[in-house]
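Student: Could you walk me through how to read a few features of a model? I'd like the general idea, then the case at hand.

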Amino acid sequence: MSRLDFDFYESEDPVWNPALLTIPVPGIRKMVNMAASMEDVIHLSIGQPDAPTPPHVVQATVDALNAGQTGYTMDAGLPELLDALAEYYGERSGRALSPENILVTTGATEAIYLALTAVSAPGREFIVPDPSFMLYAPLIRMNGGEVKCIPTRAENNHQLDPQEVIDAIDTNTHAIILNSPSNPTGTVYPRETVETIVQEAAYRGIYVISDEVYDHLIYDDRDYASVLSCCSDLDHVMVISSFSKTFSMAGMRVGWLIASQGAIRKLRRYHMFTTTVANTPCQWGGVAALKGDRSCVSEVVSTYKKRRNRLVELVDETPFLEGYVPEGAFYMFPALPEGVNGNNVALRLLRETGVCTIAGDTFGESSRNALRFSYATSIENIERAFERIIPWMEKQDFG
Ligand SMILES: Cc1ncc(COP(=O)(O)O)c(C=O)c1O
């Protein structure tokens, strides 16, 4: 653990708001920091695309800088980007959207922060699939809300049973969090699942907060059910996405939130008190991403699909790992036998073989025996990693 992590988590200095204790030691940082001190490490741990940002997007950003586009934009976002997003989502979801339905944020991360912290309060309950992206539960808890987990399993492709979600709703439930395709599992929810949950939530007056940052990374020509295409109006939905994963723009920090105009008005005010506006030149880059040639997206999808297929084969050949076929994003979350501590396995794998993976407990409580593999890396790296993992696993005794 770096000195910084140690200070933050162990300090008894009363200056810190106790709510910060809800933020767990970040499992990913811990592994990546340890890997940084080692040689010859193969990373299956990276959560960002390895493809370059499309050149026309870089060019539009540079052009914006050269043209002096370095001031603040309007608080909801660059008007040209809001228009482009409204048109783009209107076409994709078959639903007329106006720029007033959209708020541009500093990555999807800010949109998630705004949505969860604006709704979470003591006594309020949030339904969250487990495992899930590590931001949701701490942000809910930091603001006094409670998390009700719905566990999902590798043997079931980590699919969410909509009836289980509906049965978990009670009088204190304020929102259901969805993330399809999912980080860490790569699971894509079928349309029936999303429709059933969204319709029941609307009927009960509960919000569905849907993190759709991987919405373009879908394999095997599967249908993608965005919450936007499954709701009859926007009154109870907040849909979040960004340019980070689809266009390899993670460091450019532009995301957005789509909701009813009333919700956007409220969140705009909150946004002015958090980051003010998103990065201006990179918003111009975003306009170019939406309006320019998008063939780069199908190219990366076909590359990820080949890697996914190879990873699924290699996991199948590995003793003790229970795999499945992830349908989206660039992650797989295979399970070790019940009761095995994934954290120990990830640490030993790193120390003894130099392969860096992320332990399941980074993503919740129900999958402590899992490992997250990212395939945002070349097939050669994936194969080299398994040349180390398979013989190592063969020597283990998890009985
Ligand atoms: C599910 C999920 N949501 C949100 C984010 C953050 O996206 P952004 O870079 O747009 O803030 C990530 C990044 O890993 C993610 O995996």
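Student: By class, what does the shell around the ligand have?

Tutor: Ala, Val, Leu, Ile, Met, Phe, Trp, Tyr, Cys and Pro count as nonpolar, Asp, Glu, Lys and Arg as charged, and the others, Gly among them, as polar. Here the shell has 4 nonpolar, 8 polar and 1 charged residues. This is a predicted model, where local features need pLDDT of at least 70, side-chain atom pairs count only at pLDDT 80 or more, and totals for chains, interfaces and linings use all residues. Residues are numbered from 1 along each chain as its sequence is written.

Student: Which residues are the closest to the ligand?

Tutor: A residue is near a molecule if its C-beta atom, placed from the backbone, lies within 6 Å of it. Of the 13 residues that surround the ligand, the closest are Gly107, Ala108, Thr109, Ser242 and Ser244. Helix 5 (residues 107-119) gives the most to this shell, with 3 residues; helices (H or I, at least four residues) and strands (E, at least two) are DSSP runs, numbered from the N terminus.

Student: Is asparagine 369 buried or exposed?

Tutor: Buried takes 20 or more other C-beta atoms within 10 Å of a residue's own, exposed 12 or fewer, and partly exposed lies in between, with C-beta atoms placed from the backbone. Asparagine 369 has 23, so it is buried. You'll find it in the loop between strand 11 (358-359) and strand 12 (371-374).

Student: Why is helix 10 largely enclosed?

Tutor: Because 9 of its 12 residues are buried, among them Trp284 and Val287.
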